[in-house]
2 protein chains.
Amino acid sequence: MSDAVQIALDAMSGDRGPDVVVDAALHVLGRHSDLELVLVGESRLLETLVDARRVDPSRRARLAIEHAAEVVTMTDPPTAALRKKNASMRVAIDLVKSGRCHAAVSAGNTGALMAIGRFVLKTIPGIERPAICAALPSRAGRTYVLDLGGNVNCTSEHLYQFAAMGAVLAEALRGDGEPARVGLLNIGEEEIKGNDVVKQAHELLRRAPLNYVGYVEGYDIFGDKADVVVTDGFVGNVALKTIEGVANFLRDNLRAAFSRNLFTRLAGLIAYPVLRDFRRKVDPRRYNGAALLGLQSIVVKSHGASDRVAFANAIDIARSAVRFDLPRVIETRIGLYNGNSAA
Amino acid sequence: MSDAVQIALDAMSGDRGPDVVVDAALHVLGRHSDLELVLVGESRLLETLVDARRVDPSRRARLAIEHAAEVVTMTDPPTAALRKKNASMRVAIDLVKSGRCHAAVSAGNTGALMAIGRFVLKTIPGIERPAICAALPSRAGRTYVLDLGGNVNCTSEHLYQFAAMGAVLAEALRGDGEPARVGLLNIGEEEIKGNDVVKQAHELLRRAPLNYVGYVEGYDIFGDKADVVVTDGFVGNVALKTIEGVANFLRDNLRAAFSRNLFTRLAGLIAYPVLRDFRRKVDPRRYNGAALLGLQSIVVKSHGASDRVAFANAIDIARSAVRFDLPRVIETRIGLYNGNSAA
């Protein structure tokens with residue numbers, strides 16, 4: 001491979017179609033001169049979309065198109081998705097497997113992406129289950145939360161591996177060389193604290209070569225206590241969707257308060273620049289892009305409804321993970337931890 | 001008992017001390033002429049606090065003081081709390097046991113309150129474990145979520161009982177005679193949907209004489225799909241604290257955006273009435289008061305940091321639950337459900 005980072009983009013599987021992916025690709029190519037992208041999907045359609053955008057030649061030269069005739073739908077179960085050998089999602093991951101690309105990004109069906117990723121790329125030795133990890137805004141900047149839905153019934157060993165992988169991702173994306181602080185999600189009532197799996201994971205983590213800060217609670221995701229918050233896929237998925245729910249609910253109520261009557265509309269107009277700054281700060285698109293950790297290569301899941309800004313952010317995450325050599329660093333660390341825990 | 005509703009208030013155990021409880025008591029006595037309250041705690045202190053407020057005689061006549069020499073602290077484990085026989089929390093619950101009061105309200109340590117409640121009042125026949133249930137704001141008005149921390153390792157039978165109890169509470173507090181819609185919290189990835197306990201609970205609920213709407217996800221807590229959302233105490237507690245975290249984070253960021261400079265401060269001044277209306281709508285104090293469901297009498301937990309408005313809301317919930325005869329209705333329904341599931 002050259003010095004450039006090559007990333008395959010599944011252009012067809014998101015809710016908003018290939019337009020968004022083409023726009024995001026062109027945008028990110030302008031941002032990083034070391035980047036080369038491969039749009040995967042219906043090639044004629046993609047060529048038409050790219051041509052219509054009158055891209056400057058320096059960017060166009062770093063944008064390839066790879067044909068894929070099929071599409072994995074949002075309702076395809078993993079088994080059906082695995083049979084679609086010509087789907088854009090599959091071809092994008094095959095490009096990573098063959099060494100043509102370093103990473104793949106898709107806004108498609110999460111279960112299918114995980115299944116194809118595991119089947120084609122395999123997991124890192126020592127990792128029993130890959131996990132999904134995404135960033136959320138916090139007082140500390142961002143908090144990386146995992147697992148977000150891949151693994152419902154987890155053992156303490158799984159949580160321990162998630163912790164190690166999450167720490168590597170946080171360190172890769174922050175890039176400040178500081179070890180990430182890892183917290184284990186628990187509840188606070190003293191007597192009934194935690195279930196057995198959480199308690200056992202706590203013991204494993206206390207002995208691990210990690211910057212482990214102990215138990216954290218739900219509100220600590222937004223605080224400054226940990227950079228990585230570890231939990232099982234059921235709790236993580238509920239927490240993530242609950243956050244989405246409350247944020248949308250508050251946004252809609254704020255909007256409604258400002259559109260009640262002429263006075264409130266006027267107030268909204270005056271407050272508009274402030275509200276825009278606020279929205280920008282907590283804009284979920286800036287946090288879009290969940291890494292599928294534990295695979296032998298890098299796969300990033302973009303939100304199904306990603307727009308250009310959100311999808312571009314997911315590409316940025318993939319690029320940073322490639323530059324950090326994420327899977328190799330995870331492999332080394334997991335070996336280290338397993339050696340340590342066996343000692 | 002007379003036609004009045006008598007409620008015992010643990011005046012000593014909240015983070016903000018007895019002032020808040022005295023203020024809340026006087027406020028609620030003004031709101032409901034059928035209410036009689038008993039302040040439980042250090043009697044001289046409470047008398048001084050009440051006297052200092054120059055209460056009008058009609059309210060003062062409905063306010064009694066019961067002495068209690070000890071206080072359960074926020075860090076007392078349940079076992080230690082159970083040994084404090086003269087604690088305000090214990091005396092308040094003893095007043096319910098003896099029939100002097102219909103319900104107790106406390107802003108103290110949740111684990112201790114649950115332990116004392118179970119020990120003194122016992123559970124309703126057929127209920128294996130009491131659950132904690134509170135309301136959250138939603139597009140539908142409010143959603144009742146349980147369990148919020150009492151029970152970490154739940155069986156499908158427990159979730160099923162929580163569903164029945166939550167439905168009764170929602171119906172008691174809404175008071176419109178409509179059967180509450182009950183949803184079971186799950187995650188959405190098709191192939192990996194739910195753990196075994198959730199799947200089994202789903203089967204039980206489908207056959208139950210309940211308005212069961214099926215699986216719901218994290219964002220549905222704020223939606224219009226269910227009035228009651230059922231989950232285990234670990235997930236419920238994480239969800240609740242995550243909601244608290246994200247709401248505080250957004251509030252702080254909104255505040256910061258409006259205090260950046262002279263212009264933003266001016267905009268904030270103009271937008272103030274709108275922001276105040278918005279805050280009022282989503283004010284967590286209006287949703288304060290979690291019912292300990294499954295006990296033979298009514299116990300309501302107020303947030304530890306409750307102010308007057310919040311504590312008053314918890315008293316209102318206790319009063320509505322008494323009027324609805326909540327424990328008896330739960331007992332009847334549980335008998336009905338158990339008969340049904342045995343059939």
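## Salt bridges across the model

Over all chains, the count comes to 46 salt bridges, where a salt bridge is a side-chain nitrogen of Lys or Arg within 4 Å of a carboxyl oxygen of Asp or Glu. Side chains of opposite charge can pair when their charged atoms come close. One of these pairs joins the side chains of B:Lys241 and A:Glu217, at 2.3 Å from N to O. This pair crosses between chains, running from helix α9 of chain B, where B:Lys241 sits, to A:Glu217 in the loop between β8 (211-216) and β9 (228-230) of chain A. Helices (H or I, at least four residues) and strands (E, at least two) are DSSP runs, numbered from the N terminus.

## Ground rules and confidence

Please keep in mind that this is a predicted model, in which local features need pLDDT of at least 70, side-chain atom pairs count only at pLDDT 80 or more, and totals for chains, interfaces and linings use all residues. Residues are numbered from 1 along each chain as its sequence is written, chains are lettered from A and ligands numbered from 1 in the order in which they are written, and side-chain values use heavy atoms, with hydrogens and water left out.

Chain A has a mean pLDDT of 91, and 96% of its residues reach 70 or more; pLDDT is the predictor's confidence in each residue, from 0 to 100. For the complex, the predictor gives an ipTM of 0.86 and a pTM of 0.89.

## Where chain B meets chain A

Chain B brings 62 residues to the contact and chain A brings 61, with contact meaning heavy atoms within 4.5 Å. About 5300 Å² is buried between the two chains, 75% of it on carbon and sulfur atoms. Buried area here is the accessible area (1.4 Å probe) that two parts lose on being put together, summed over both.

Six salt bridges span this interface. Among the salt-bridge pairs is B:Glu217 with A:Lys241, at 2.3 Å from N to O. On chain B, the elements that give two or more residues to the side touching chain A include β5 (131-138), α9 (233-258) and α10 (262-281). The largest share of that side, 21 residues, comes from α9(B).

## The two domains of chain A

Chain A is assigned domain 1 (1-124 + 294-324) and domain 2 (128-287), with bounds that come from an automatic or database domain assignment. Their C-alpha centres lie 26 Å apart. In the contact between them, 15 residues of domain 1 meet 13 residues of domain 2, and the buried area is about 1200 Å², of which carbon and sulfur atoms give 71%.

One salt bridge is counted between these domains. The side chains of A:Arg285 and A:Asp307 meet in a salt bridge at 2.6 Å, N to O. On the side of domain 1 that touches domain 2, α6 (110-121) and α11 (308-324) of chain A each supply at least two residues, and α11(A) gives the largest share, seven residues.

## Backbone details

A cis peptide bond joins A:Leu146 and A:Asp147, with omega about 0°. A:Asp147 lies in the loop between β6 (141-146) and α7 (156-174) of chain A. In chain B, B:Leu146 and B:Asp147 are joined by a cis peptide bond with omega about 5°.
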